[in-house]
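Reader: Please take a close look at one part of this model, the packing between helices. Then set it against the rest of the chain, and give the cut-offs as you go.

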Amino acid sequence: MKYLISLLSVMLFASCANNEMSDENNVDISCDQFDTSGLKLYPFVPFTDEEWRAMSYAYKMERRQIPEDFLREMTTKELFYQVVYTDLSKDMFVFNTMQQGFEAVTERLNMFPELLNRPDAGHVLLEILQKIDPSKIDGQDCFWFNHCLQIILAQPEIINRMTDEDIDNYIQQQIRCHDVIRDLKSDYPASAALILFGLGNVMIRYEFEPFMQTLNRHPVTNELYWNTQCINEQHALQVINYIKQFKNR
């Protein structure tokens, strides 16, 4: 099973597309765990091979923006699917961490900050997460869907807007996913890195002291920071132990 492998060298890049409209609005996804019926996404038209070779990367990114009036009318669920299922860029950029890659893309594409700023984003994404059977994630579409879902859910902007009830649900669902991954013993803990990153951000939000004491300080800013880039199995299980303590506090 290839579930939530870190993809440390790439991040979320939306479609190689321009802003011309087409007649096709519905997304076509070959992943039977997810209901895409009725979704209306912005219909990017892919660049031709010639356009791709001739245009600068910065200009291509300009052409991937969604018009603001269309963006504002999208439901949060549609916006998430727009992020996931626009085609991946042919340019693969290398970043030191997944989080750096996510932040770099968020600065370039307006669909990302719009999703992060939606007050209901955490609740909507949790509804999707709780329907997932992590033991049956296979195929490129399902893998990429889960990767995007997990990294967006893990963001502090999402977690910090969740209600306490949503936080409890988030912890329950992520422990469930983690335990399935561990039982399958496939790419653990690398495949659980995004789950652990999000659970850590929950404990940071509530300043859960046992976990806070494990964080390192940034060598330049001296601020506490949290990442799972080089996490090992022992540390991963420690994080799970802390989140269970937090949940039962």
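Author: Helix 7 covers residues 121-129, and its axis comes within 10 Å of the axis of helix 10, at a crossing angle of roughly 30°. Helix 7 is therefore roughly parallel to helix 10; this label is for angles under 35 degrees, with over 145 called roughly antiparallel, 65 to 115 roughly perpendicular and the rest oblique. The axes are lines fitted to C-alpha atoms, for helices over the stretch in contact, and the angles run from 0 to 180 degrees between N-to-C directions. Helices (H or I, at least four residues) and strands (E, at least two) are DSSP runs, numbered from the N terminus.

From helix 7, the contact (heavy atoms within 4.5 Å) takes in His123, Leu126 and Leu129; from helix 10, Asp166, Asn169, Tyr170, Gln173, Gln174, Arg176 and Cys177. By class, the contact of helix 7 with helix 10 has 4 nonpolar, 4 polar and 2 charged residues. Nonpolar covers Ala, Val, Leu, Ile, Met, Phe, Trp, Tyr, Cys and Pro, charged covers Asp, Glu, Lys and Arg, and the others, Gly among them, count as polar.

This is a predicted model, in which local features need pLDDT of at least 70 and side-chain atom pairs count only at pLDDT 80 or more, while totals for chains, interfaces and linings use all residues. Residues are numbered from 1 along each chain as its sequence is written, and side-chain values use heavy atoms, with hydrogens and water left out.

The peptide bond from tyrosine 188 to proline 189 is cis, with omega near 5°.

Helix 11 (residues 193-205) packs on helix 13 (residues 233-247) at about 40°, and the two axes are 10 Å apart. Helix 11 is therefore oblique to helix 13. Helix 11 also passes helix 13 in a left-handed crossing. Leu196, Leu199, Val202 and Met203 of helix 11 meet Ala236, Val239, Ile240, Tyr242, Ile243 and Phe246 of helix 13. In this contact of helix 11 with helix 13 there are 10 nonpolar residues, no polar and no charged ones.

Glutamate 207 lies in the loop between helix 11 and helix 12 (209-212). Its phi is positive, about 50°, although glutamate 207 is not a glycine. Glutamate 207 counts as exposed, at 59% relative accessibility; buried means under 20% relative accessible area, exposed over 50%, and partly exposed in between (1.4 Å probe, protein chains only). Asparagine 222, in the loop between strand 3 (216-217) and strand 4 (224-225), has a positive phi of about 65° and is not a glycine. Asparagine 222 is partly exposed, at 48% relative accessible area.

Helix 5 (residues 98-106) is mostly covered, with 7 of its 9 residues buried. The buried residues of helix 5 are Met98, Gln99, Gly101, Phe102, Ala104, Val105 and Thr106.

As for the whole, the protein chain has 13 helices and 4 strands. Of its 249 residues, 51% are buried. Among contacts between residues at least 6 apart in sequence, 78% join residues at least 24 apart.

Technical notes
A crossing is left-handed if the near helix is turned anticlockwise from the far one by less than a right angle, and right-handed if clockwise.
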